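This report is meant for someone meeting the structure for the first time. Please keep the sequence and the model in view while reading.

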Amino acid sequence: MGRQITISCFRFNPNIPGDKPRMQDYKLEEYEGMTLFIALNDIREKLDPTLVFDFVCRAAICGSCAMLINGRPRLACKTMTRNLPSHFTVMPLPVFKLIGDLSVDTGKWFRDLQMRTEAWIHTTKKFDFNALEVRMDNKIAEEIYEPERCVECGCCVACCITANIRDDFMGATGINRVCRFIIDPRDERADAEYFEVVGDEGGTFGCVGLMACDDMCPMELPLQENLAFVRRKMAGAGLKLTFPGIKL
Amino acid sequence: MELAKNLNASVNKSFGKTDLLVDLAQSISGVILIGFLWMHMLFVATIVVSPELFDALSEGLDKYYLAQFGIPATILVIIIHIFLAGRRAPLRLRDLRITYRMASLMKHYDTWVWVGQVITALGVGIMASMHLWTILTHWPLRAATSAARVASNGPADITWGSFTFPYYVVFYVIFLIFGEYHGGFGLYRILVKWGWWERHTMGWVLKGITVIIVVLGLTALYTFTKIAANPALGGAIH
Ligand code: FES
């Protein structure tokens, strides 16, 4: 027989008139290979059909199941219950708009970010349907792939005190996004143009360096590295300095 | 992340350089101050070698106007640093509450360290003013006068039986630890934000340096109390 676990869930549905925020305990039996995704579904199936939470891919790809698990933002589908104590809490991510219980609306936030960072390839080249795609250097492709692995779960935003305090701060995910385009040779934006996107306190210069993002990113992106890279790059662009021979 | 912000970003294109310059100046002032702090502690620690060395160094600093120039310059940098770094501190009640809640929920080491930096900043600000006031009103600084200052109210009293509170020693121990904590982790954060180095290794290196400096400072304090208690070394028991 598996371990008895107790999950304290945050419950509050802003759409139900008169509903009050509270923590509710659910007891269930743990079994082999149980993730928090499975546990929450068990709760919804057997104990409480009203519990609200998000899942799509259950394979750490879509980023919709991020929540505070024992206080730390993580992906529920990537978290094994056996690595948690027998009594733990789950809460929705802060910063984002609460939809109900554990579900938050990260979509709007990330859409805003998309617009704000102009997260698409800016190019003057005309796209030719018939031509072969231009080959990319493997090393660069790999470099782009690192920041590109971001699943937009919002964990780095939720655990960032700066993002919690200031609603105009784009968080590690935003700076990381810009990093991805800076590396990409197909994006023809000059550094001065990137500066207009992240060169303020809402972007790279708002970061205090608390590194919760770096510690808690479920995809383990090298956020310290990427954030520092963008900061140096943007400082160089702002001061109109170039450092030949130095890899920023 | 409001729509207004997006509109602002796309319609009113330029951010200007203010945010960059302010952020850069904050980091630079921090680096200058930690450089000053470490140098200061090394200078003070010369007392451990010999009071003569301490005096020679001190006289040298006066003679070449390094102290006369250095002290006002340092005060200026401190004031600048307070304004620049202070804007990052959670000062509003709302911000304090969010910071406390998130830090306690996440139990995240670096976030708590930062909370400690904010608290020590307050302490260092107050104690640095007190320290400056005492040294400037007891100019010039020499081994004997410094020893007398450190030892006033307590430790120079050889008879610990009639205990008097060692005000200055306690003050300097707290000041030393607060200063080194704030400076050491401050430099760590600056390097994390700008540097190329993996932060865990770098953190350990900086912790190592900080411990060495704190030990040096404590040894210097101890030496001062010994000098103060020993008339042969020019000490005057109050
Ligand atoms: S369900 Fe898609 S990331 Fe967890």
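## Two domains of chain A

Between domain 1 of chain A and domain 2 of chain A the count is 0 salt bridges, a salt bridge being a side-chain nitrogen of Lys or Arg within 4 Å of a carboxyl oxygen of Asp or Glu. Domain 1 covers 4–103 and domain 2 covers 118–242, with bounds that come from an automatic or database domain assignment.

The two domains of chain A bury about 1000 Å² between them, 70% of it on carbon and sulfur atoms, where buried area is the accessible area (1.4 Å probe) that two parts lose on being put together, summed over both.

## Basis of the model

This is a predicted model, in which local features need pLDDT of at least 70 and side-chain atom pairs count only at pLDDT 80 or more, while totals for chains, interfaces and linings use all residues. Residues are numbered from 1 along each chain as its sequence is written, chains are lettered from A and ligands numbered from 1 in the order in which they are written, and side-chain values use heavy atoms, with hydrogens and water left out.

Most residues other than glycine have a negative phi. A:Asp101, however, has a phi near 50 degrees, and A:Glu220 likewise has a phi near 50 degrees.

A:Asp101 counts as buried because its relative accessibility is 2%, whereas A:Glu220 counts as exposed at 64%; buried means under 20% relative accessible area, exposed over 50%, and partly exposed in between (1.4 Å probe, protein chains only).
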